[in-house]
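Student: I would like to learn how to read the features of a model like this one. Please go through them one at a time.

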Amino acid sequence: MKKLLIPTLVVLFCSCDKDDPKPGTSSEDALNALSEYVIVNKVFQDIGNNNGDAVLSAESSTSTAKAKLGETVAMDTEITIAPADFSTFPKTITVDFKTGVLGVDGVTRKGKITIVSTNWYGEPGSIHTATFTDYYHNDYKVEGTHVVENIGENTDGYLEYDVVIQNGKITKQDGSVIEYQENSTRTWIEGKDTPLNIWDDEYLLDGSQNGTSSSGLDYTLTVEESLHFVLLPRNIESGILDVDIADFKDIKINYANSTITILGQTYPFVK
């Protein structure tokens, strides 16, 4: 998304400056805030995918003679489970990427993620709370609390998960900080039958996200129509996202028809 949307938005924000200048926020500030949102959203969506994969891997390792790690968890990543049985909960699952592990998706992860689970990932009512110890996604240090609750199947028979991110923080290489919060629902619509391979997963995302850019600009994003995520190749197939960045209000990104609407004008973009 960053590579494809940002060049388009450069033109649009500059046009907004000319047609409707705003005293408080420059187009460059707004563009930087949106760029940072793209980064932080990608990092925390990745964490959600990998944490679910880690819990499923832990379930496999305690229910079979030999652990079978998921596709996103490289074989040199260390997963520990305590208690190391199948039925005792809560259970603490530690995923240790040590000094750095290059994943099959091209992302280098290092440090630890600790997940406390009240039951297995597919069990309705289970809650999985993740925290981070010197954890990095490429060059971005990640902090905060990531909570996922399985709220059971919806009327269409798909599992739904409530996702809450509290005190989310990304520290960039230059020491600047991006703050991030999320309250959303993920609906698992494809890939349930292959739980140890997340790459065939597809899900719908609803809810809202908000935060503050490294330059102090507040942003809010609200899903107007469910975002349809596909993991391989990573893409948003459809859905509508409403974006507010400081003085720039009601920006609509429509992934179904690949358009962006700003100040009532609609422009195409390439996904």
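Student: Where does Pro83 lie?

Tutor: Pro83 sits in the loop between β1 (78-82) and β2 (91-96). Helices (H or I, at least four residues) and strands (E, at least two) are DSSP runs, numbered from the N terminus. This is a predicted model, in which local features need pLDDT of at least 70 and side-chain atom pairs count only at pLDDT 80 or more, while totals for chains, interfaces and linings use all residues. Residues are numbered from 1 along each chain as its sequence is written, and side-chain values use heavy atoms, with hydrogens and water left out.

Student: Is Pro83 buried, partly exposed or exposed?

Tutor: The classes rest on relative accessible area: buried is under 20%, exposed is over 50%, and partly exposed is in between (1.4 Å probe, protein chains only). Pro83 has a relative accessible area of 31%, so Pro83 is partly exposed.

Student: Which residues does Pro83 touch?

Tutor: Contact means heavy atoms within 4.5 Å. Not counting residues up to four places away in sequence, Pro83 touches Thr88, Pro90 and Lys91. As for distance, the C-alpha atoms of Pro83 and Thr62 are 9.8 Å apart, with the two residues 21 apart in sequence.

Student: Turning to the whole chain, how many helices and strands does the protein have?

Tutor: There are two helices and 14 strands. Of the 271 residues in the protein, 48% are buried. Among contacts with a separation of 6 or more, 45% come from residues 24 or more positions apart.

Student: Which residues touch the most other members of the largest nonpolar core?

Tutor: In soluble globular proteins, nonpolar side chains tend to be buried together. A nonpolar core is a set of buried Ala, Val, Leu, Ile, Met, Phe, Trp, Tyr and Cys residues joined through side-chain atoms within 4.5 Å. Here the largest such core has 60 residues, and Tyr37 and Leu241 touch the most other members. Helix α2 (residues 27-63) gives the most to this core, with 14 residues. Leaving aside neighbours within four places in sequence, Tyr37 is in contact with Tyr180, Gln209, Tyr219, Leu221 and Leu241.

Student: How many cavities of 30 Å³ or more does the count come to?

Tutor: Rolling a probe the size of a water molecule over the atoms shows where empty space is left. On a 1 Å grid over the protein atoms alone, a cavity is a set of points where a 1.4 Å probe fits but cannot get out, and lining residues have an atom within 4 Å of a point. Grid points are joined across faces, edges and corners, and a volume is the space filled by probe spheres set on the points. The count by this rule is two cavities of 30 Å³ or more.

Student: Which element gives the most to the lining of the largest cavity?

Tutor: Helix α2 does, with seven residues. The lining has 23 residues, of which Gly48, Asn49, Tyr121, Arg186 and Asp201 lie nearest the centre. Asn49 lies in helix α2 and is buried, with a relative accessible area of 8%. Leaving aside neighbours within four places in sequence, Asn49 is in contact with Arg186, Ile198, Tyr203, Leu231 and Arg234.

Student: And which element gives the most to the lining of the second largest cavity?

Tutor: Again α2, with four residues. Among the lining residues of the second largest cavity are Gly48, Asn51, Tyr121 and His146.

Key: On a 1 Å grid over the protein atoms alone, a cavity is a set of points where a 1.4 Å probe fits but cannot get out, and a pocket is an open set with protein on both sides within 12 Å along at least five of seven lines; lining residues have an atom within 4 Å of a point.
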